[in-house]
Every structure is written in structure tokens, then in C-alpha cells.
Amino acid sequence: MDAGAVAAALEDARFDARQASRYEDLADEVRGPAELAEWERIAELLAAAVPGTVYDPDVDDVVQAELATDAAAAAAREAELREAARIAARADQLQELRGLGTLGQAEPAEGDEAVRDELTRRAGGYVQADVDSWLAHALAAHRGHYRDPAAREAAASLLTPPVLAHAALLGELVRLVPGAGADELAFAARLATTEPEAVGALAAFLTRPCPEGH
């Protein structure tokens, strides 16, 4: 666009703004003022440029920055939608395993902490004891993605205190009594659910080395 075309577009925007100001229902409309401000900015750019300069949005830093921001926002939104779909699909899979009674045999995967939250949401906010127990056992045994120390460290901020306390206590109990079965350790989940801080303290206490001679 040359200076004449920009000036005409600016005048049209100013006319529309004056018209809108006369109607109460258009007083709070934001699109018109934004367009007017943009045409004023473009007109100022051409006024400061060499005579005969043509406006090209492809070399306008402001326009290109806005396009980049819009593209980044769209990409981020698309990523969010993909992640939400992945979480929903994984939640469906775990629900199916629960129905088959084989959830405890499943290998936990990256992102299952968010899947736990989705299952809780589906249940109306009620804690899913079997899912929490599954995650605690997997965390204690370093199964699935919990084989990675970084994943276990991240779990500290992704899982609830009862789940973390349950996992910590399980880890120490299995260390003290190797080969203990899940049924024998079912009490750990009940304790962690009611007194997570106390169970966490108990797990830490059990890690203390025995005095020499004992």
C-alpha cells in the first residue's frame, strides 16, 4: 500500500470511530479502536520514511512479531489438545485394566500422574484408592518410567502426599522384609491415607542405620 491508500484507510477508520461513538451499544467495542490505532501507526511509519515508500507488512517488525506470537499460541494450544487427548485415552485404558482386575500388572508410563488426576476428576473428585496404590507400588519398586531417577524426583511434585508416603513406606518395608507380598502390605495404604505425614516420618525413621553391635 502506498501513502495515499493508507491515508484513505485511516480516514475510513476515523469515520467508523466517530460513528461508533454515537451509539451506546458500540461504545465498548474494541475492534474499531484497535484498527484505528493500527492505521495511525502505519501512517506514521510512512510519514517518517523516504517519500514514495510503500507499506509492506512482510517487513513490518510489529506485524511479524504479532504473527509469530499468534503462531506460537496456536502451536501451544494444539499441543495442549494433543496432551489432553493422550491423557483421556490413557485414562480409558487404565479404566479397562481396572475392569479386568489387571491394573496392578500395568507398567506406569510418563504422564500417568496427570492421568491419575483425570481419573479422580471423572470420579467427581473422589480419590481412586486402587490407582493410588498402583502408583505407590510402582514408585517404590522403580517400575516403568519410575526406573528413571528424574521421573521419581518429578513425582514428588506431581503426586499427592498420601501416595508419596505410601511409596516411601513400601520401599522401606520391602527392604526390611524382602519378598513381602502386596496383600501383606495393604495396611501401608490405609496408614498413608489417614496419616501421610506420620507415615513419611516413619519411612524416614526406618532408613536410619542400626547402631553398631545391634
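Biologist: Which residues in α5 are buried, and what makes a residue buried?

Modeller: In α5, Val-131, Asp-132, Trp-134, Leu-135, Ala-136, Ala-138 and Leu-139 are buried. Buried means a relative accessible area under 20%, exposed means over 50%, and partly exposed lies in between, with a 1.4 Å probe and protein chains only. Please keep in mind that this is a predicted model, where local features need pLDDT of at least 70 and side-chain atom pairs count only at pLDDT 80 or more, while totals for chains, interfaces and linings use all residues. Residues are numbered from 1 along each chain as its sequence is written, and side-chain values use heavy atoms, leaving out hydrogens and water.

Biologist: What do the buried residues of α5 pack against?

Modeller: They pack against α3, α4, α6 and α7. Contact means heavy atoms within 4.5 Å, and helices are DSSP runs of H or I with at least four residues (strands are E, at least two), numbered from the N terminus.

Biologist: How do you know that the reach of α5 is close to the expected one?

Modeller: The expected span is 1.5 Å times one less than the number of residues. α5 has 13 residues and reaches 18 Å between its first and last C-alpha, close to the expected 18 Å. α3 passes the check too: it has 40 residues and reaches 58 Å, close to the 58 Å expected.

Biologist: Why are α4 and α5 called roughly antiparallel?

Modeller: Axes are lines fitted to C-alpha atoms, for helices over the stretch in contact, and angles run from 0 to 180 degrees between N-to-C directions. Here the axes come within 10 Å and cross at roughly 165°. Under 35 degrees is roughly parallel, over 145 roughly antiparallel, 65 to 115 roughly perpendicular, and the rest oblique. α4 and α5 are therefore roughly antiparallel. Where they meet, Asp-112, Arg-116 and Leu-119 in α4 touch Val-131, Asp-132, Trp-134 and Leu-135 in α5.

Biologist: What makes a set of residues a nonpolar core, and which members touch the most others in the largest one?

Modeller: A nonpolar core is a set of buried Ala, Val, Leu, Ile, Met, Phe, Trp, Tyr and Cys residues joined through side-chain atoms within 4.5 Å. The largest has 27 residues, and Trp-134, Leu-135, Tyr-146 and Leu-159 touch the most other members. α3, α4, α5, α6, α7 and α8 each supply at least two residues of this core. A second, separate core of five residues includes Val-6, Ile-42, Tyr-55 and Val-63.

Biologist: Which residues does Leu-159 touch, not counting those up to four places away in sequence?

Modeller: Leu-159 touches Glu-113, Arg-116, Leu-135, Leu-139, Tyr-146 and Leu-164.

Biologist: Why is Thr-120 called buried?

Modeller: Thr-120 lies in helix α4. Its relative accessible area is 13%, below the buried limit, so Thr-120 is buried. Beyond its neighbours within four places in sequence, Thr-120 is in contact with Gly-125, Tyr-126 and Gln-128.

Biologist: How do you know that His-142 is partly exposed, and what is its phi?

Modeller: His-142 is found in the loop between α5 and α6. Its relative accessible area is 37%, between the two limits, so it is partly exposed. Phi of His-142 is near 55°, a positive value in a residue other than glycine. Most residues other than glycine have a negative phi.

Biologist: What makes Thr-53 partly exposed?

Modeller: Thr-53, in the loop between α2 and α3, has 32% relative accessibility, which again falls between the limits. Thr-53 and Met-1 are 52 residues apart in sequence and 9.0 Å apart in space, C-alpha to C-alpha.
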